[in-house]
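Let's walk through this model together, going from a pair of helices to the domains and then to the core.

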Amino acid sequence: MQYYNNEISQKYPKLLEYFSGGITDENKNISHCLLFWGPDITSQCELALEVARLLNCSEDKSQNCNCLNCRWVKEQTHPAVKIYTRLDFKEAGGSSDDDDSTKGKKNINIGQAKAIINELAVTSDYHRVYIFCDRDEDGNLLPLNQMNFPEATSNALLKTFEEPPKNTTFIFLTKDKSDVISTVVSRAQAFFVSGVLEEDLDYSLVEGVLDNYWTIARNDVLDFENNLLKLVVENEPKEILTQIQNYMLATIKSNLENKHLYYRLMEDLGYVEDAKRQISLTPAMNLQTVVENLSFKMILK
Ligand SMILES: [Zn+2]
């Protein structure tokens with residue numbers, strides 16, 4: 001299955017600006033363990049492949065670069081860039097302790113973990129990128145969870161995740177951070193990947209209430225909550241929450257240099273995603289409770 005997307009930099013301009021900045025600038029550096037989370041696993045994989053391309057490009061890293069590394073990543077034939085799922089692995093020689101066939105294979109097992117460790121023991125000329133996720137038999141990408149990426153496997157790889165060899169990056173694709181073993185999450189830099197396009201973000205309905213909300217004093221949290229509740233009650237709640245995320249994404253985009261604000265907003269994006277989930281439940285959570293929780297998380301840092 002082909003997952004590389006030529007339009008990816010238009011889809012996530014701000015995230016890619018962040019990654020290419022970190023990859024190009026010697027002092028910035030991006031973490032060697034990245035965790036992408038959000039509703040859209042295919043977009044996460046496209047983003048991960050683009051990060052892999054930026055890490056391996058031997059020329060100017062532009063979107064239409066035609067160097068060998070870029071061509072390989074785009075064709076998904078790069079020898080050091082791998083999408084790793086429970087189904088994309090053949091046991092060497094059909095060892096007896098693990099399934100030698102992928103049919104019905106339930107998880108990324110210890111055999112795969114060992115194979116990765118052995119592979120990393122050999123030096124590589126390339127920047128190795130392992131993208132961990134799940135897929136079904138038809139190639140549809142699915143998020144990691146504790147079933148398909150069990151604790152035993154992550155424990156076997158923990159030391160590797162902690163101190164990988166030079167030029168190695170691990171990327172985990174998941175719906176929610178709590179779906180991945182906490183020891184992995186704590187070692188990874190987490191990025192929320194929204195399911196919507198970052199361009200043309202509309203936040204006209206929420207702008208007034210959200211304006212520089214990170215400067216709102218803790219004492220004023222109830223005012224903020226009331227204003228937000230009014231918005232949510234008078235409009236379509238989900239649209240308001242999406243606009244709040246849009247406002248956050250746009251703010252991140254125009255404040256890329258402010259690391260502190262960046263992390264705060266990335267965290268808040270996740271809280272809004274939680275709120276969206278809570279109002280979509282059947283039965284849905286009480287709207288006021290959802291807004292109260294969200295307001296307290298956003299203001300009382
Ligand atoms: Zn290139």
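Is the crossing of α9 and α12 left-handed or right-handed? In this predicted model, α9 and α12 cross in a right-handed manner. Helix α9 covers residues 221-234 and helix α12 residues 287-299, and their axes are 9 Å apart at an angle of about 135°. Oblique is therefore the word for how α9 and α12 lie to each other. On the α9 side, the contact is made by Val-221, Phe-224, Glu-225, Leu-228, Leu-229, Val-232 and Val-233. Helix α12 answers with Leu-287, Gln-288, Val-291, Glu-292, Ser-295, Phe-296 and Ile-299.

Now step back to the whole chain. The domain assignment gives domain 1 (8-192) and domain 2 (207-299), and the centres of domain 1 and domain 2, taken over C-alpha atoms, are separated by 31 Å. Five residues from domain 1 and eight residues from domain 2 take part in their contact. On the side of domain 1 that touches domain 2, the elements giving two or more residues are α2 (13-24) and β7 (189-192); α2 gives the most, with three residues.

Finally, look for the largest nonpolar core, which has 70 residues. Within this core, Phe-36, Ala-48, Ile-131, Phe-132, Ile-171, Phe-172 and Leu-173 touch the most other members. Helix α3 (residues 41-56) supplies the largest share, nine residues. Both domain 1 (8-192) and domain 2 (207-299) give residues to this core, so it lies between them.

Methods:
Residues are numbered from 1 along each chain as its sequence is written. This is a predicted model: local features need pLDDT of at least 70, side-chain atom pairs count only at pLDDT 80 or more; totals for chains, interfaces and linings use all residues. A nonpolar core is a set of buried Ala, Val, Leu, Ile, Met, Phe, Trp, Tyr and Cys residues joined through C-beta atoms within 7 Å. A residue is buried if 20 or more other C-beta atoms lie within 10 Å of its own, exposed if 12 or fewer, and partly exposed in between; C-beta atoms are placed from the backbone. Helices (H or I, at least four residues) and strands (E, at least two) are DSSP runs, numbered from the N terminus. Domain bounds come from an automatic or database domain assignment. Axes are lines fitted to C-alpha atoms, for helices over the stretch in contact, and angles run from 0 to 180 degrees between N-to-C directions. Angles under 35 degrees count as roughly parallel, over 145 as roughly antiparallel, 65 to 115 as roughly perpendicular and the rest as oblique. A crossing is left-handed if the near helix is turned anticlockwise from the far one by less than a right angle, and right-handed if clockwise. Two residues are in contact if their C-beta atoms, placed from the backbone, lie within 7 Å.
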